[in-house]
Amino acid sequence: MATNNPPLLEVRNLRVEFPTRRGTLIAVDNVSFEISPGEVLGVVGESGAGKSLTGNAIIGLLEPPGRIAAGEIRLEGRRIDTLPYEEMRKVRGARIGAIFQDPLTSLNPLYSVGRQLVETIQTHKQLSATAARARALELLKEVGIPGAEHRIDHYPHQFSGGMRQRVVIALALCADPRLIVADEPTTALDVSIQAQIIALLKRLCREHKTAVMLVTHDMGVIAETADRVAVMYAGRIAEIGPVRDVIKHAQHPYTKGLMGSIPHLGERGERLTQIDGSMPRLTEIPRGCAFNPRCTFRGERCLVDRPELMAAGASRAACWLHDARGVGAPVAKEPANA
Amino acid sequence: MLAFILRRLVQSVAVLLVVGLVSFFLFRYVGDPINGMVGQDTPASEREALKQKLGLNDPAPVQFLHFIGNAAQGWFGLSYRTSEPVNRMILERLPATLELSLCAALFALLIGLPMGVYTGLYPRHWSSRALQAVSLLGVSLPTFVIGILLILVFSVMLRWLPSFGRGETVNIGWWSTGFLRWKGIEALIMPAITLGLFQLTLIMRLVRSEMLEVMRTDYIKFARARGLTNRAINFGHALKNTLVPVITITGLQLGSIIAFSVVTETVFAWPGVGQLFIQSVQFVDIPVMAAYLMLIGLLFVLINLAVDLLYFAVDPRLRGGGLARSGGH
């Protein structure tokens, strides 16, 4: 990780809200992180932890009524969260590419993949139809579509899931973006194809020096791919740090629980641990640390004060255990079936 | 693709044979046609001779084959009412109905489609809500009420438009058209609106709900993430994906426009096939009724065939060979 470079993406105190009839839901709260040029940042967490919303906020495609209520997002130093729609449209695809979960539904079924590529290329680059098609063909070859010369005129339904995700990656790379937000790019694919797609994404981004924000709930994918990882819980970052440190020396009790729940090959008789309870609903986030009802280390302070990220080993964690004053007098964990 | 067309053609012929069977049973079971043709004091021997001459003594299957054979050549016999050949009576009145239906369909499509797109793209805008509310009226008001209201306002009160007939027509060969004279066009306006209003609101509501559906799909979200312009997304990607159901419904509606022109033609005394049908029903003029039935059946079959072919043009997933090649890694 190159810490000396100015960050490519800078997210400061991001807060995403959903106004509802029963009050405002805070789905992403006070999230800050940076991504350096060419870096792969993994974002993990359970469903509803706010990781996809963070990704959508960055590409400016939060679905209404969701909105950015506070904080700022800067790309290459330029603030992008306040850009008008048309300005942001020119950033999307050109500076930030996106890949979504389901390759089967990300492509328009009525147009050939070539047409969709050419259309995207011509939206962002001044190229003639022939030049754009040549570039489309090049991209298809680059993402490893066999027989790209005639596959270019095929329609999405004529491709398998893995091949379609390759086309989606080609579409995201069309205009050489500096950052790709990949939201669960392999979840919908067969396990054997997942590894291929991750390897491809990794290779292409290294070659193009593209940074990636990889949103997933698969710790294995993160371990394989990411330089750094951010663990999200109930709309906040619980821990963020170099991937090796977070996996080997988790600093936040939630991350520890998460790592303990992953089986390791070759370790016989190993017991998997589980985290009792479940993530609170957005309407019922407890006072103090959001994780406190499920935490075995909690103290009185955790019930009252909300911890922000603080230095913890090589990473940063939002946990009072790493504060000089500690957690205070221990409090027993809530029973699992309360 | 060719195989598909052939299969559809065979199916179409089967459908027409069934319609023919229904028309044929009209002859056999809706009263005795001889009674309508002869006087009350005609001797039984003469009646028998007439029956023999008309082929009514043959076994039913033979009569049916005769009927189908004649129908295939466009011959439906003589009208019981006017003793004119039925095919000539229908041909004379067909242009009036087809011109009216065409105008009604164009009116419905050219206004309903943009309105549907607009209300689908901006569902929360007040004008969309207003259109949506007004369209409920269009769906729920019966055709004849709309027609009579239009006549009341524009013919009786304002005296702008004629309340009945085709105005002036010009004959081009056997086809009489109202398009070439201002009076003919004037006369078309109200009947076309009356006939097309229901279809307009139906198309608008259909396009709206399809647009709403499509705008939520992943490929629209991905198109936005690719930075495509709103115009490319709304019209290039979203609208095209709404077209398959819209074509289906529009095709079916075109058929019903022609068939339901019966009511509109009655309200506006429009000299079309529908009016002829109503007159024939009143006189139990079975050959005309049978021919009308066959004509409507034929039109529906043709429209459905056209709709099926349009699917191929719009949706590549239906074109042959695609599935065979899919699944390759």
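Predicted model: local features only at pLDDT ≥ 70, side-chain atom pairs only at ≥ 80, totals over all residues.

Residues are numbered from 1 along each chain as its sequence is written, and chains are lettered from A and ligands numbered from 1 in the order in which they are written.

I then followed the strands themselves: strand E1 (residues 9-20) and strand E4 (residues 67-75) of chain A are joined in the antiparallel sense over seven bridges. Here two strands pair if DSSP finds at least two bridges between them, and I take helices (H or I, at least four residues) and strands (E, at least two) as DSSP runs numbered from the N terminus. In chain A I read an open sheet of four strands, antiparallel in its pairing, with the order E2-E1-E4-E5. Its edge strands, E2 (23-35) and E5 (78-79) of chain A, each pair on one side only.

Next I turned to the largest pocket, for which I noted a volume of about 1,200 Å³. On a 1 Å grid over the protein atoms alone, a pocket is an open set with protein on both sides within 12 Å along at least five of seven lines, a cavity is a set of points where a 1.4 Å probe fits but cannot get out, and lining residues have an atom within 4 Å of a point. The pocket is lined by 40 residues, and those nearest its centre are Leu62(A), Glu63(A), Pro64(A), Met215(B) and Arg224(B). Elements giving two or more residues to this lining include helix H1 (51-58) and E4 of chain A, as well as helix H10 (230-267) of chain B. I sorted the pocket lining into 20 nonpolar, nine polar and eleven charged residues, where Ala, Val, Leu, Ile, Met, Phe, Trp, Tyr, Cys and Pro count as nonpolar, Asp, Glu, Lys and Arg as charged, and the others, Gly among them, as polar.

Last, I searched the whole structure for cavities of 30 Å³ or more and noted three. The largest cavity has a volume of about 70 Å³, a volume being the space filled by probe spheres set on the points, with grid points joined across faces, edges and corners. Of the 15 residues lining the largest cavity, Pro253(A), Cys289(A), Cys295(A), Cys302(A) and Cys319(A) are the closest to its centre. I recorded its lining as twelve nonpolar, two polar and one charged residues.

Key
Heavy atoms only, no water.
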